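Me: I have a new structure open and would like to learn how to read it. Could you take me through it one feature at a time?

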Amino acid sequence: MKKTLNQILAITDSQQAQVKGFLTDYINYFKKSQSDFKGEKKTYEPIPGYVDVPQNRYNKRVVTTVDEKMDYLKETLSPILKNMLTLEATNASGSPKAELIVGNDSWGEFTSLELLRLKSFISNGKLVEMIQNIPLRSDAKEWMNSEEEGYEDRKIFQIPTIKFEEKTSEKEEVILSDPNIERAIEAGKDINYSPQTTIKTKQVIIGNGSFREFSGEWSHHSRAHALKKLQTLKEAIIDALQRANKVEVIESKLESDKIFEYLFS
């Protein structure tokens, strides 16, 4: 069943505030919940005979990824934007049109009212602010696609596994060497001797472990690319609007004098 203009009007009126609220929620989430995009895993096995160190063993999972949040954003906002553009297309029947060319791709022909609505959506300060606050992983670390169980089909990255050894200090009593006593023994002398000892400290390995860091964040390049594409789209819309509006005017058939004569005569 096809929708009518009054239905689209009712829908878009209620959805206008949704867009702003949705983007605001994303901005706040990106700012305050960046730990949800990070994960860490630490393993540990004690050497037999030594006490376990439980704090060396934990697993913090990545809650969500930027790509998963962007997928949900598209699912939520795409039908809303479609309704808005449909409203403008209906209102603009017979109005000037122009081809929207983004980069080297043609997105089709649209009316000036559709293009104005699209320009308004793309120029929304909240949209730009949301992209600017997308959580980013550090460029100083070496990241690779994660094959960790549960992460296989998600865009989650990890640094190479870091191996480590848990060590502790142990003390032992050591007899000090005395060359005079050694020579006396060699000479066959009968001596009464109490050996001198000392305490030495040595490092021993008590366990082996590993550490991995995970990220569902974007790279700096990905965010910069998204902002660049946003600007490219905005420029394409402005160009299409200029071409759409480059038409000869059609003079209205309603004489303005008639209005004032009606009102004031």
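Me: Let me start with a strand. Which residue in β8 is the bridge partner of Glu-45?

Reply: In β8, Glu-45 has Asn-208 as its bridge partner. Before we go on, this is a predicted model, where local features need pLDDT of at least 70, side-chain atom pairs count only at pLDDT 80 or more, and totals for chains, interfaces and linings use all residues. Residues are numbered from 1 along each chain as its sequence is written, and side-chain values use heavy atoms, with hydrogens and water left out.

Me: How many bridges join β1 to β8, and in what sense do these strands pair?

Reply: The general idea is that two strands pair if DSSP finds at least two bridges between them. Here β1 (residues 38-46) and β8 (residues 197-215) pair over nine bridges, in the antiparallel sense. β1 also pairs with β2 (residues 58-60), antiparallel again, over three bridges. In that pairing, Lys-41 has Asn-59 in β2 as its bridge partner.

Me: How many helices and strands are there in the protein?

Reply: Seven helices and eight strands. They're DSSP runs numbered from the N terminus: helices are H or I with at least four residues, strands are E with at least two.

Me: What should I look at in the hairpin of β3 and β4?

Reply: Look at the turn. There are two residues between the strands, and Gly-103 takes a positive phi near 65°. The strands themselves, β3 and β4 (residues 105-111), run antiparallel and are joined by five bridges.

Me: Now the inside. Which residues touch the most other members of the largest nonpolar core?

Reply: The general idea first: in soluble globular proteins, nonpolar side chains tend to be buried together. A nonpolar core is a set of buried Ala, Val, Leu, Ile, Met, Phe, Trp, Tyr and Cys residues joined through side-chain atoms within 4.5 Å. Buried means under 20% relative accessible area, exposed means over 50%, and partly exposed is in between (1.4 Å probe, protein chains only). In this structure the largest core has 36 residues, and Leu-77, Leu-100, Met-130 and Ile-237 touch the most other members. At least two residues of this core come from each of α1 (5-32), α2 (66-91), β3 (97-102), α3 (112-122), α4 (125-132) and α6 (220-244).

Me: What is Met-130 in contact with, leaving aside its neighbours within four places in sequence?

Reply: Contact means heavy atoms within 4.5 Å. By that rule, Met-130 is in contact with Leu-23, Tyr-26, Ile-27, Phe-30, Met-70 and Leu-73, once those sequence neighbours are set aside. For the protein as a whole, among contacts between residues at least 6 apart in sequence, 77% join residues at least 24 apart.

Me: How many salt bridges does a search of the whole structure find?

Reply: It finds 11. Side chains of opposite charge can pair when their charged atoms come close. The cut-off is a side-chain nitrogen of Lys or Arg within 4 Å of a carboxyl oxygen of Asp or Glu. Glu-88 counts as buried because its relative accessibility is 12%.

Me: Are Asp-52 and Arg-57 buried or partly exposed?

Reply: Asp-52 is partly exposed, at 32% relative accessible area, and Arg-57 is partly exposed too, at 37%. Their side chains meet in a salt bridge (3.1 Å, N to O). There is also a salt-bridge network linking Lys-41, Glu-148 and Arg-212.
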